[in-house]
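Open the model in your viewer and keep the selection tool ready. We will go stop by stop.

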Amino acid sequence: MLNTINIMIDGIETKVAKGTTVLEAARDLDIHIPSLCYLKGVNHSSSCRVCVVEVGPRLIASCTLKAEEGMKIQTNTKKVREARKTSVELLLSDHDRECLSCSRSGGCELQTVSNDLNIRTVTYVGEKSSQEKDYTSPSIFRDASKCILCGRCVGACGTMQTVGAINFAKRGFDTVISTAFGRPLEESTCVNCGQCIMACPVGALTEHENINDVWNALENASKYVVVQTAPAVRVALGEEFGLPVGTRVTGKMVAALRKLGFDKVFDTNFGADLTIMEEGTELISRITSGQNLPLMTSCCPGWVKFMEHNFPDRLDNLSTCKSPHEMEGAMVKSYFAKKMGIDPKNIVVVSIMPCTAKKFEGSREELSNESMQDVDWVLTTRELAAMIKEAGIDFVNLKGETFDSPIGEGSGAAVIFGATGGVAEAALRTVFEITSGKDLETIEYTAVRGMDGIKENVIELPNGQKIRTAVVHGLGNARKLMEAMERGEKAYEFIEVMACVGGCITGGGQPIVDARTSERIDIKAERAKAIYTEDEAQTVRKSHKNPYITALYEEFLGTPNSHLAHELLHTHYVKRSKF
Ligand code: SF4
Ligand code: SF4
Ligand code: SF4
């Protein structure tokens with residue numbers, strides 16, 4: 001066949017499609033070629049040269065080498081092994097090598113490659129390049145002393161997210177990963193999505209840790225510490241304890257949080273149901289008035305900041321709703337505090353999120369009331385796992401427990417917020433029923449599910465009104481959609497955007513999956529499957545049917561979009577620089 005090529009790898013004859021790289025062909029044959037800078041779909045720069053193979057007399061990086069008819073490749077000769085060792089030793093000679101205290105110890109790809117290549121000493125000794133550490137961002141911590149200049153973060157930020165907040169700067173030995181003009185990350189166009197962390201093979205990029213802040217709050221007897229957990233955390237936390245990808249650990253997670261000493265363990269799903277009530281009402285009213293359409297979701301702080309930098313003239317299209325954990329924080333410090341007779345100043349709200357951008361969001365002054373932040377601290381899924389390990393809790397053998405009431409209960413519609421399409425589906429379940437006054441027989445809107453970058457669907461309400469919906473995930477796709485709308489090629493009434501590809505299930509705060517594993521296991525699909533199974537397991541699957549939400553409106557807020565609801569649950573945005 002014209003489109004296939006015959007090659008031989010380590011004496012094994014194989015046929016591959018034209019355009020296949022030697023690395024891909026070898027991996028299809030289960031031949032292990034180590035690699036570092038290669039990250040499928042994100043970075044193919046062949047800069048580290050760890051994946052070299054021998055083709056005739058030459059050593060060539062296999063990640064960018066396209067297979068050619070009759071090519072004979074050797075992956076395991078003395079020359080190949082020595083070349084790989086030399087490349088890794090050179091990287092190690094300019095690396096801080098404080099593995100024991102590194103957050104990636106045990107999950108570091110440089111450590112794995114060094115071990116696999118049996119490197120026991122580092123021959124090369126010399127001057128170290130940049131040792132700069134940048135703590136300025138509330139979300140992301142950068143440590144240049146650990147950076148191996150692989151460029152995976154540059155691919156994630158520039159190519160995938162089209163943010164381009166970081167790139168290579170300077171030359172030769174002075175080369176660094178830097179923001180424009182070397183500004184602190186906090187002052188750059190970074191949207192805090194954390195996808196650079198997920199791409200980084202070493203500990204050069206991590207979240208800005210807040211574990212000690214939370215330990216301090218828990219140890220302060222005058223504080224009432226409430227924790228809430230986002231839907232995507234429960235389908236990924238188990239991976240940090242060796243459980244298979246996609247294992248649901250909701251009950252164990254609740255039990256672990258109680259053991260850590262939190263006074264109440266709430267579910268952010270309650271806040272998600274509240275978001276649907278507020279945002280659904282906002283959608284109906286915008287459609288009725290014809291103003292500020294399309295309505296764009298605002299629950300993803302990465303997307304919100306992306307809009308603030310890149311499309312500042314379209315900020316009126318964003319929903320004014322705070323995100324679910326911010327709404328929940330606001331309700332803890334008002335409704336719940338009043339119910340319990342606690343001074344809200346003594347309440348500390350901690351959010352466990354799959355997300356690094358939520359750390360930035362938690363610190364935004366627009367998300368506060370009476371000089372109190374709605375949420376005090378945000379921890380990622382990884383930070384929660386670290387606390388559980390530090391406390392010596394045997395997570396895997398914990399017996400499941402349930403969330404606390406009255407604001408700890410959520411519907412199935414709220415759970416699916418964790419996957420791309422989930423917010424749109426949850427909103428459509430509620431908007432359809434509220435406008436029709438009838439119960440839906442089929443509540444799954446499968447058209448907005450799945451991993452296509454841009455998904456479109458038209459739903460017709462009983463009054464004949466059509467809602468043209470787009471669901472987008474990954475900021476690269478979001479930019480494409482925004483630009484198509486600016487050119488007048490696309491028009492919608494409702495758009496859901498999640499900054500991370502796949503949605504929060506693969507957010508920047510989730511367990512990091514190394515490059516090899518992510519080639520073998522479809523992480524997004526496994527975690528999304530777990531999210532939809534969690535939805536099916538709920539007895540209440542529509543936000544407006546959550547009895548605790550009904551009670552909240554009856555006892556406290558009045559109606560959705562009421563004056564009090566606006567004061568506590570809605571916000572505004574700021575225009576930011578494009579550069
Ligand atoms: S957090 Fe996101 S936007 Fe910021 S540098 Fe990393 S990938 Fe780029
Ligand atoms: S920060 Fe990490 S991903 Fe970026 S170049 Fe350095 S080692 Fe590679
Ligand atoms: S998609 Fe989710 S995890 Fe990613 S930035 Fe947005 S809210 Fe955070």
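In which loop is P406 found? Select P406: the loop between α12 (381-390) and α13 (412-415) holds this residue. Helices (H or I, at least four residues) and strands (E, at least two) are DSSP runs, numbered from the N terminus.

Two notes before moving on. This is a predicted model, where local features need pLDDT of at least 70 and side-chain atom pairs count only at pLDDT 80 or more, while totals for chains, interfaces and linings use all residues. Residues are numbered from 1 along each chain as its sequence is written, chains are lettered from A and ligands numbered from 1 in the order in which they are written, and side-chain values use heavy atoms, with hydrogens and water left out.

**Stop 1**

A cis peptide bond joins S405 and P406, with omega about 10°. Next, select L293 and P294. The peptide bond from L293 to P294 is also cis, with omega near 0°. P294 is found in the loop between α8 (268-289) and β13 (295-296).

Most residues other than glycine have a negative phi, and most peptide bonds are trans.

Now select D30. D30 is not a glycine, yet has a positive phi of about 60°. Look for D30 in the loop between α1 (22-28) and β3 (52-55). D30 is exposed, at 72% relative accessible area. Buried means under 20% relative accessible area, exposed over 50%, and partly exposed in between (1.4 Å probe, protein chains only).

Then jump to S371. S371 has a positive phi of about 65° and is not a glycine. S371 sits in the loop between β15 and β16 (372-373). With 79% relative accessibility, S371 counts as exposed.

**Stop 2: the nonpolar cores**

Select L110, W303 and I495. These residues have the most contacts inside the largest nonpolar core, which has 78 residues. Helix α14 (residues 422-436) gives the largest share of this core, seven residues. A nonpolar core is a set of buried Ala, Val, Leu, Ile, Met, Phe, Trp, Tyr and Cys residues joined through side-chain atoms within 4.5 Å.

Which residues is W303 in contact with, leaving aside neighbours within four places in sequence? W303 contacts M296, T297, L318, L475, A478, M482, V497 and A499. Contact means heavy atoms within 4.5 Å.

A second, separate core has 63 residues, including V226, L237, M253 and M277.

**Stop 3: aromatic rings**

Rings of Phe, Tyr and Trp (its six-membered ring) pair if their centres lie within 6.5 Å; planes under 30 degrees apart count as stacked, over 60 as edge-to-face and the rest as tilted. The count comes to seven aromatic pairs.

Select Y224 and F336. Their ring centres are 6.1 Å apart and their planes are at 45°, so the pair is tilted. Y224 is in strand β11 (residues 224-229) and F336 in helix α10 (residues 324-340), 112 residues apart. Both Y224 and F336 are buried.

Next, Y335 and F556. This aromatic pair is tilted, with 5.5 Å centre to centre and 40° between the planes. Y335 lies in helix α10 and F556 in helix α18 (residues 547-557), 221 residues apart. Y335 is buried at 5% relative accessible area, and F556 is buried at 18%.

**Stop 4: charges over rings**

Select K305 and F360. K305 lies over the face of F360, at 5.5 Å from the ring centre. Then take K389 and F241. K389 lies over the face of F241, at 5.3 Å from the ring centre. The rule: NZ of Lys or CZ of Arg is within 6 Å of the ring centre and within 35 degrees of the ring normal.

**Stop 5: around the ligands**

Which residues are around ligand 3? Select C300, P301, C355, K358, M498, A499, C500, C504 and G507. A residue is near a molecule if one of its heavy atoms lies within 4 Å of it.

Move to ligand 2. It is surrounded by 13 residues, and the closest are C147, C150, G151, C153 and C200.

**Last stop: R364**

Select R364, in the loop between α11 (357-363) and β15 (368-369). R364 is buried, with a relative accessible area of 8%. Not counting residues up to four places away in sequence, R364 touches V304, E308, Q373, H572, Y573, V574 and R576.
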